[in-house]
Amino acid sequence: MREEHGALHLEVVSAIPGRMRLMLEKPIEDETPFRRINGMLACRYNPRIRTLLCQYDRERIHEEELIVRIGAIYAGLAGTKLLHVKRSEEEGFSMAPSGYLALACITLDGVMTAAASPLTQVTRWLSAGATLGAVVEHGYQELHVQGSFDPEVMSVVYLINSIGKTNGFQASLLAWIVTFGRHLIPKAPREQVYLVRRNNQAVILTPVISGESKSAFAGNILRSGVEALARKPS
């Protein structure tokens with residue numbers, strides 16, 4: 001992304017539910033303004049490495065909303081007109097050992113199927129069982145870390161329906177590719193640019209469409225909104 005003159009940068013270096021660490025490009029005097037955010041439980045600034053460690057109540061504020069509010073306060077303190085927020089905590093490659101085991105079982109099943117081996121009945125059940133376990137574990141991990149799981153986990157329904165049928169190998173392979181395929185592709189950290197406006201005493205951040213298409217941008221906004229609604233207490 002092009003580095004605009006005078007732009008301020010904020011980087012999310014780690015984020016787990018209820019806890020977040022951010023790196024600030026420019027130093028601040030203290031963390032007092034950030035403690036006033038509704039839902040913030042604790043906030044500690046380390047002036048030596050310029051990091052801000054935040055603990056927050058997930059029931060009161062969503063992660064994305066917290067980042068925007070922190071960014072608004074930070075931009076207001078620095079007096080900048082442009083803010084870059086970088087998400088470096090998201091990994092481009094992440095797959096549990098169960099995913100590799102499932103792939104090995106699927107590969108073995110494919111070899112046995114191609115050779116018309118009588119062991120196909122055994123390998124078919126092995127591949128289906130290993131893939132089912134890997135997909136369920138992956139969904140549980142995403143639910144635990146993100147509070148929701150991605151839609152591709154629902155491929156497990158197709159896999160269950162194929163157990164004992166002739167398309168068992170194809171179903172296991174498809175479920176594995178749909179669930180784990182995207183984790184094999186390294187991706188650069190997300191970065192969002194915001195225009196900073198001041199309205200009386202308030203600082204307002206307006207997202208700028210930059211390195212992604214309009215449809216992708218709209219999809220990210222919609223997804224964040226749906227996740228925020230899903231986390232609201234009933």
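Colleague: Is E31 buried or exposed, judged by its relative accessibility?

Modeller: E31 counts as buried, at 13% relative accessibility, where buried means under 20% relative accessible area, exposed means over 50%, and partly exposed lies in between (1.4 Å probe, protein chains only). This is a predicted model, in which local features need pLDDT of at least 70 and side-chain atom pairs count only at pLDDT 80 or more, while totals for chains, interfaces and linings use all residues. Residues are numbered from 1 along each chain as its sequence is written, and side-chain values use heavy atoms, with hydrogens and water left out.

Colleague: Which side chain meets E31 in a salt bridge?

Modeller: A salt bridge is a side-chain nitrogen of Lys or Arg within 4 Å of a carboxyl oxygen of Asp or Glu, and by this rule the count is six. R35 pairs with E31 at 2.7 Å, N to O, and R35 is partly exposed at 47%.

Colleague: Which residues are linked in a network of salt bridges?

Modeller: The network links E63, E64, R87 and R190. Within it, R87 and E64 meet at 2.8 Å, N to O, and this pair joins strand β5 (residues 82-87) to helix α2 (residues 63-78), with R87 and E64 23 residues apart. Helices (H or I, at least four residues) and strands (E, at least two) are DSSP runs, numbered from the N terminus. R87 is buried at 5% relative accessibility, whereas E64 is partly exposed at 24%.

Colleague: Where does R190 lie?

Modeller: R190 lies in strand β6 (residues 190-199) and E64 in helix α2, so their pair ties together parts 126 residues apart in sequence. The N to O distance of this salt bridge is 3.8 Å, and R190 is partly exposed at 32%.
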